[in-house]
Amino acid sequence: MKLLKLTLEGMPRFHDTLDIDFVAQQRVNDDDKRRLSNVFSKIYVSKVISFVGINASGKTTILKVLSFAMKMLNNEAINNIESKEILTDLDYGQTVTITSYFFDDFSVNKLETLIGKEVNSIDGSEKFVILDENLWSKDISRIKTKKSIFDFKDCDLKEKRNQNEQYLMNDVSIIVAANKKNNRGFFVRDMLEWTDHNMINVLGQFPKELLTFLDPSIEYLKCNMEEKRVDIRLKFYGKDEVIMNNPMTLENYLSSGTIKGLGVFMSAVFAFIEGGYLIIDEIENHFNREIVATLIRFFMDSKMNKNGATLLYSTHYSELLDEFDRNDGIYIVKNRDGIFAEKLSNILKRNDVKKSEVYDSGYLGGTVPAYEAYMALKKVLLRVE
């Protein structure tokens, strides 16, 4: 399965409809084809999508929306999905509509899911429920242009949620039946929960080349689970082996960048194998620019990323935008009376300008702290003795 587009309507904290489009909108030349993933015919999707914006613009919230939708499409009950917190602002009577467009089995599918909140009359507990859901599907032979990918006006409804079907829990999508029948789904490596908790989250023996890339002084690092007990063996060149039972103890021996790098690059390997999705919030945390740039380049490299895996990340670091040759893999995120995101290609038509300079210049609007806020802060700091 490949996610082509996701829209979100009705969320209180968003300015309007959130529209995240994975499909390459700009013209695709031969050089671009190496950095994009071909889904079918002449339809390509971005292998790397960046969400960039100032503090509190809503980048993390958008990544949580993407994570939530993917996991819902992976048959998870919405009340068990950690990123369901995006729905907590909903009041009773309010609803959110998530529309997912995805490619699978030579067809493009549209799933429209209506979600609301209800209270248990017995214990007063709250939970989210799927109130209505509809699924459409059309063969790719009917798709002649990029615009027609998401046009389902002439398509018959394939499946509709039936509240009388007792087998389906009220917080599980109807897609579960088709997924189980066709043994399909998304591979999602979600690192959102590790943004503020930097520790090893992958067990096994780490490749020597990765260790050398992150810290040349490490000879080996092995992390295994033995009878519900973690066994960690770390050795630096010319020193004795260190044995630990708690992953957090590694902080005493390894830098924060090395610890994060081990988790991120191993997660990337899993994504490459499965052709899945890797979600990282504040990708520059603990990393220098070259390490982040290397990760982005790996995802864009067709030899490295053979199965079309996709990296979704947020950043404050405008210089990372210069890793993109195109503008349609970049979303500018702002928060003005609500969160909204817009593709850079809709704002900036030229690909041949330095994106970081355009972003930092304030030309895009709302991408740098307001001058008034800057001056107010400066005055306050000047008064501090």
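Asp 190 and Lys 71 are both buried, and in this predicted model they also pair up: their salt bridge brings the closest N and O atoms to 3.1 Å. Asp 190 sits in strand E10 (residues 188-190) and Lys 71 in helix H2 (residues 59-73), so the pair ties together parts 119 residues apart in sequence.

That is one of the salt bridges in the structure, which holds 20. Take Glu 133 and Arg 161 next, with their closest N and O atoms 2.8 Å apart.

Now look at Glu 323 and Arg 297, whose side chains meet in a salt bridge at 2.9 Å, N to O. Glu 323 is in the loop between E16 and E17 and Arg 297 in helix H6 (residues 289-300), so this pair ties together parts 26 residues apart in sequence. Glu 323 is buried, at 14% relative accessible area, while Arg 297 is partly exposed, at 38%.

Asp 328 is buried, with a relative accessible area of 2%, and its side chain makes a 2.6 Å polar contact with that of Arg 326. Further off in sequence, its contacts include Ala 24, Ser 46 and Lys 343.

Finally, helix H5: 14 of its 19 residues are buried, so H5 is largely enclosed by the rest of the structure. Gly 275 follows H5, with a positive phi near 70 degrees.

Key: Residues numbered from 1 in each chain as written. Predicted model: local features only at pLDDT ≥ 70, side-chain atom pairs only at ≥ 80, totals over all residues. Heavy atoms only, no water. Buried < 20%, exposed > 50% of the residue type's maximum accessible area, 1.4 Å probe, protein only. Helix = DSSP H or I, 4+ residues; strand = E, 2+ residues; numbered from the N terminus. Polar contact = N/O pair within 3.5 Å; in protein donor to acceptor, adjacent residues only side chain to side chain. Contact = heavy atoms within 4.5 Å. Salt bridge = Lys/Arg side-chain N within 4 Å of Asp/Glu carboxyl O. Lists of a residue's contacts leave out its neighbours within four places in sequence.
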